[in-house]
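Visitor: I have a model to look over. Could you take me through a few points, one at a time?

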Amino acid sequence: MLLEATDIARRFPGEAGPVTVLDGVSLSLAQGETLALTGESGSGKSTLLTLLAGLDRPDRGEIRLKGTAFGPLKEPELAAIRRGRIGLVFQQFNLVPSLSVAQNIALQARLAGRHDRDWCAALAERLGLSAHLAKYPETLSGGQQQRVAVARTLAARPEVILADEPTGNLDEATGDAVLAEMLALVAETGAGLVMVTHSGRLAGKLSRRLHLARGRLA
Amino acid sequence: MIGAAAAALLSHWRRHPGQLATLVAGLALATALWTGVQAINAEARASYDRAASALEQSDLPLLVPREGDSLPLSDYVALRRAGWKVAPVIEGRLRLKDGSARLVGLDPLTAPAVPGSGTGGDPGRALLDFISPPGEIRGHPDTLAGLPAAVEGRRVATEALSPGTLVADIGTAARLLGLEGRLTRLLILEDPAQDLPPLGEVAPDLREAPPQPENDIRGLTGSFHLNLTAFGMLSFAVGLFIAHGAVGLAFEQRRGTIRTLRALGTPLSAVAALLAAEALALALAAGALGVGLGYVLASLLLPDVAATLRGLYGAPVPGSVAVRAAWWAAGLGMALLGAALASAQSFWQLRRLSVLAAMQPRAWAMAQGRGQRLMALAGLAGLAAVPAILLWGQGLAAGFAALAGLLLGAAFLLPLSLSAGLRAAERAARSALGEWVWADARQQVPGLSLALMALLLALAANIGVSTMVASFRATFEGWLDRRLAAELYLSFDSPAQAAAVLPGIDASAVLPVTRTEADLGGAPGLVYAMADDPTYRRNWPLIEAGPQVWDRLAAGGGVLVNEQWAIRAGLSPGDTVQIDGAAREVLGVYADYGNPRGQAILGLEAFRALHPEIGETRFALRLSGDPAAEAARLVAEDGLRPDQVTDRAALKAESRAVFERTFAATDALNVLTLAVAGFAIFTSLLTLQSLRLPQVAPLWALGLTRRRLALLDLARAGLLAAGTALLALPVGLALAWLLLAVVNVAAFGWRLPMQIFPADWLRLGLAALVAALLAAALPALRLARVSPARLLRVFADAR
């Protein structure tokens, strides 16, 4: 199995005592599989994604990437996994404003030490960014910025891509186009994809769908 | 990984070169002002060391003539023949192209040391070169450069001598000074053995004198250097405010990048190491620039400081700065310390930064204000500490601690005070726009607080120091008028010359000005003789006096003491003091702003009775005619040299010039500190400008033109500067009081009445206003020209 989460629980402190955001969630993702995580606001979708990315640690349960358990790993080791094996796509794009589009696309691949200039150029071409490589993120539209974020993730050839509402800031047509490109590229690279989305329509484009309600899988 | 992460972090500076320039400039300016002051201090200290070591005679007791300024060579010969181990010295002033230098003639065979010797080579050959005609004249290169071509002698430049001092063989010096066959003094190299004939037998016209207190210079000037150091520290603090603001904003603007880097797998430790390396590199670059600027600053200021030290303390300091490893290292060290202080808060935040935290530049600006109340509490504590320090502390250290408490306390209270004032104005506003302007100004206070605090410090320092200097100037002028009441001052070579010339002068009073070194209550000082004359009775600047002070002084019943001694020893009229071991009653205390040492005045007759050996060679003359004509007559008819005759106007002009130069360096530092504060405002406004668009865009959408918004921004800057200046006024006056009543008394031993000069405040307030408006001009211009598309994007981003 590519990615496994077993009996995950996560609580946060609240005004009236701890608030349980996730409670006993288990899921698995196979190589090349695309999984949609749906649910209402506050159902724990994004929290689960940050746990799967190793950005946060569960209060209970275990997450494994190809058999490697996250629990015993220290911060630098988790960082190394994120750098080399996981790709993240955020709703807010999170591009580095002071780097050009080309530099942003190459960033994670360079951090992971496997920058492939031709692959980056090919990704830019596929995502319609070739004319914007020298520009800075602030001069691009939202759709273009999200394409840069997708290209940045794919440029590092991650084993798993975790996307948090990657089209949430885009209009429907642009969102559909970005998602179509992303799914095509994921299929080509053989990576697994977990995508958080509100939209049942978008979720239907992925191979499997899990629904979260009040911190549990429905 | 490191390379990519470094490139991502450093790319911020490429996109924000202005911010980088601000950071480097802030650190460089802070370092420059600090280093400049340190360079001046280091130069002066090195000079004192040279002066102390150069003639290695200052700790030897002397034999000097009982009368006049010179002794016959025969006395020296008689003493040597009788077995006394003495070395001859000739000393006098040698005219230079501009001014004069002290020429010391030494006998290289008996003198303890000859400066400039012993640097290698054949000592025999060096001795021969020193004495063989026309003889060597050794001196600092600056001094030798001023030696007229007509002066015969081989010039030998040496750094071993302070500027203003020349050394030659005794024969050469005697020739140059026109003192052939005469000596100025003899150094007693060894205590005379018991079986040697006593001095009174061998040379009855000589008397033993204590060592010359040349090495007092370091102690006397210590307080002056402490003052400079305090100014350097203040400037450093102002510069740090700039650096701190730039580092904080840069960190906040890069928070998103840092979060992304961490999300993409860069460990926190790697990010922290990269940011630390960046801070180190910036500190070294800015530090090197700052040290270079400091050198330039020191080179510009040193001539005035050197003049001050010469004028005030007689301390010889060259007018040029040498590059010294000590202050280079100190400057770079301060730059590193500054970078560390400026970055500390950002590193603290980085440690606690969640990977999931959002980028909040605006929140950063507001967070600066969240600590306002805490800062205000710290400020109140600082202010409360001032009276406590004054009550229980002592000396100069307590004075400076009180200054620090006052300045930091006031600076910390500023943001809350300004906010409170602006809130009150907002409540009183009638129109919607007026309300917005006041509210908007209040909203800007947190982001600008560091720059405004820097401005407050600079303005308060300006008001404080200029009030002190102006008070000093006013008091000094009055003191000078009273102290230099006589029209003409004469200095004769011997009592015999005086006796020959004086009867021919048509003067209403001839007042001897005689003095001698004495032990004043255990410390070295001077005792003067004062004739009983209406000139003194009317004019002498007494601060405190007992009954019938002049009659009792004339009758030899007591002494007048100067303020320095009175304050140091806690003396007032009626007390008893010890002068050369004899008890004398204090009749009065007089102001004396010429030097920091103790002085006493005896009635002329009492002085003569005590020191019959001292011949009277200096006189003050009261004339009814034209002093200039009388001076010319004395030179033309009586054969006096021009330097023996000084009229009051020239003496006063010289004293005033010394005074003005004394404070020239202080004035320059004042201006520089204000300029740095203006720069701080400019950079703060510039860096905050990108955060400003979301605040003004809605107003623009509601129908205010960009031009009007820009003008309102200018008005806001002026408003904040005016508010800061208003608050700086009481702080500055308190600072002036501390300087006059505490620091000056501890440093120089005199207390000055504080005088206020409202016109100066107005001028300074206008300068602050102009500085703030200039600082706000570029950001306002940019706002006036911002494209509508950029303003519209604010609304697009808001969606």
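**Patch, interface and a loop residue**

Guide: V296(B) lies in helix α10 of chain B; helices here are DSSP runs of H or I with at least four residues, strands are E runs of at least two, both numbered from the N terminus. This is a predicted model: local features need pLDDT of at least 70, side-chain atom pairs count only at pLDDT 80 or more, and totals for chains, interfaces and linings use all residues. Residues are numbered from 1 along each chain as its sequence is written, chains are lettered from A and ligands numbered from 1 in the order written, and side-chain values use heavy atoms, without hydrogens and water.

Visitor: Is V296(B) buried, partly exposed or exposed, and why?

Guide: Buried means under 20% relative accessible area and exposed over 50%, with partly exposed in between (1.4 Å probe, protein chains only). V296(B) has 45% relative accessibility, so the class is partly exposed.

Visitor: What accessible area does the nonpolar patch of Y295(B), V296(B), L300(B), V323(B) and W328(B) have together?

Guide: Helix α10 (residues 268–313) of chain B gives the largest share of the patch, three residues. Patch members have over 30% relative accessible area and no salt bridge; nonpolar side chains (Val, Leu, Ile, Met, Phe, Trp, Tyr) are joined within 5 Å, like charges within 9 Å. Areas come from the Shrake-Rupley method with a 1.4 Å probe, and for residues only the protein chains shown count as cover. Together the five residues have about 480 Å².

Visitor: What area is buried between chain A and chain B?

Guide: In contact (heavy atoms within 4.5 Å) are 23 residues of chain A and 24 of chain B. Buried area is the accessible area (1.4 Å probe) that two parts lose on being put together, summed over both. Carbon and sulfur atoms give 58% of a total of about 2100 Å².

Visitor: Which residue of chain B forms a salt bridge with E138(A)?

Guide: A salt bridge is a side-chain nitrogen of Lys or Arg within 4 Å of a carboxyl oxygen of Asp or Glu. The count between the two chains is two. For E138(A), the closest N and O atoms are 3.2 Å apart, and the partner is R15(B).

Visitor: Which side chain does a polar contact of 2.9 Å join to D56(A)?

Guide: D56(A) sits in the loop between α1 (45–52) and β4 (60–65) of chain A. At 17% relative accessibility, D56(A) counts as buried. D56(A) touches R10(A), F12(A), T50(A) and L51(A), leaving out residues up to four places away in sequence. A polar contact is a pair of N or O atoms within 3.5 Å; within protein, one must be able to donate a hydrogen and the other to accept it, and residues adjacent in sequence count only if both atoms are side-chain atoms; here the partner is R10(A).
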